[in-house]
Amino acid sequence: MSFRQLKTYISAAAIASMALTVAACGKDEGGSGKPSPSAPADTGKPKAEAGPPAKFDPPITVSTVKALSDSMQKGITLQSDVLTNNIWSRGYESELGIKVNYLWTVPSTQMQQKMNMAISSNDLPDIIPVSAQQLKMLVDTGVALDLTELFDKYATPFTKQMWEEDQNIGRSQATVDGKLMALPNIAGSIDGSQMIWIRADWLKKLGLQPPKTMEDVAKIAEAFTKKDPDGNGKDDTYGLGLDKSLNGLNGFFQGYHAYVNGWVKDASGKMVNGTIQPQTKTALSKLAEMYKNGYIDKEFAVKDASKASELVVGGKVGMFFGSHSYPFVNLQDSKNKNPEADWRAYPLASVDDQPAKPLINGSATSFYAVNKKMKNPEAAIMLYNYYYEKDPAISKGFDPKFHGINGEQETKPDQQYIWAALQTFYPKQNMFIHENVKRYIETKDKALLDNYWVKDNAEQIEKYLAGDNKLWSSYAWSGPEDSAISVISYYNKNNLFQVNGYIKGSTDTMAQKGSTLTQIKDETFTKIIMGTAPIDEFDSFADKWKKLGGDEITKEINEMK
């Protein structure tokens, strides 16, 4: 399992080890692409009505390459041929008439370097898994095939429906000059939404309500700091959690309609960077005030994510901004240490009468470019369709036994999808899980448990409600109300997402100067918050940002089609 575009208090490695319950990217093999006729008609589940894809007869062979995760490497030690002898490879051959040949494999940590070398030497397979920047290289050098017509012809109606569910964000990322130049590996953009995590037990103790406005946020931070919410008689709590990366402030800024690191249109329709807009200055001014008043840890600037997390787990912080992943990270640890800690998720609050909109970025984490030299390029589309056809987030009745390793090992679907040659996911899977878990908790309709992910989460929530506190994280993540995904569902139903105006690979100037601009931004923002620089330092920073490459990046983005 993995998370998309998340900013948390922990390392990426720790995220990768989170509980299976967060099914954001976990997939399986072997299920029907169509919901069973016996499945509940009102679950909101997408309808996969497309028939089976065409089959090559005689069979063909296509080449690709693959990055191997740690779990894949362990699987290979159990069965050396698992990469070419698994439920996916057998399905490709029996149902599509396609045999996949891997020219090379490499540990995931070395994939970027290995692929750069392959691109430089033009020693490339038929289907080329790449990053956004590498896709740009393949397009610029004329290696990538224009897939526009092929996709329109060979993509199943269901695959096209999935792209519509994604608001065609992944397609936009893979499009250059109006041409579809790759197949996006869609992970979903809405799951990157920020929300406010708050100790609801502290709210109740102090007679406070969940925040509706940013002024409410400030008042809650003040109360959590000054009114001894933990009841120990000491002045040792903070209202707002933060670490030196400042990542935890994205949702705070968005409450002021400030989109730091994002791109938005100005009054003239020109794309501008949210980092240097007046709304950001206003938000920074408020943060400086809160820091001065002691609502924020005075030592946040020297604490990394793990150190800041210790305050949350230790019951010294009552509120922070973050993503849906937190129940499986420090919040479960907080609950284990103090069962009374009642962490709940709430939508972003707004500074005015306009609703706050969380910024969402690209939904595609990587791409599959097709080599112009490929003899049967439609095979790439068929393999892509096949993944959606077997997606357990949608289908019903798949076999949860993974047949690829010794024919015996029982693993859950999130450990099965890794062997697929091409992957892409249902972009609203987590919301689908939440809505059906909620329906099950309310109705106890067993038919809702036909879907693996709904069943897995619902059963864990039932165990929590029966007294297993260690499964609280499942409830906080997908439970009926005040849960992480209930907030995302609220955003979705009210059309509150702010899509980043630029979601493609780095421009030339971004690649050259982006790290410098980020560094001066972080340094300036930290100084302003801590009061070692006046708020008007923001104006000098904005000018410097423009001169050091920001203006050139803005020009590149506005000239891009």
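The dialogue below treats a sheet and a helix pair in a predicted model.

Biologist: In what order do the strands of the open sheet stand?

Modeller: Strands (E, at least two residues) and helices (H or I, at least four) are DSSP runs numbered from the N terminus, and two strands pair if DSSP finds at least two bridges between them. Here the order of the three strands is β3-β13-β6, with antiparallel pairing. Because β3 (127-130) and β6 (183-186) each have a single partner strand, they stand at the edges, and one side of each lacks a neighbour in the sheet. Four bridges join β6 to β13 (residues 364-370); Ile186 has Ala364 in β13 as its bridge partner.

Biologist: Which helix packs on this sheet?

Modeller: Contact means heavy atoms within 4.5 Å. Helix α5 (residues 132-140) touches β3 and β13, and its direction makes about 135° with that of β3. Axes are lines fitted to C-alpha atoms, for helices over the stretch in contact, and angles run from 0 to 180 degrees between N-to-C directions.

Biologist: At what angle do α13 and α14 cross?

Modeller: The axes of α13 (residues 305-313) and α14 (residues 330-337) come within 8 Å and cross at roughly 35°. Ser309, Val312 and Val313 of α13 make the contact with α14 residues including Asn330 and Leu331.

Conventions
Residues are numbered from 1 along each chain as its sequence is written. This is a predicted model: local features need pLDDT of at least 70, side-chain atom pairs count only at pLDDT 80 or more; totals for chains, interfaces and linings use all residues. Side-chain values use heavy atoms; hydrogens and water are left out.
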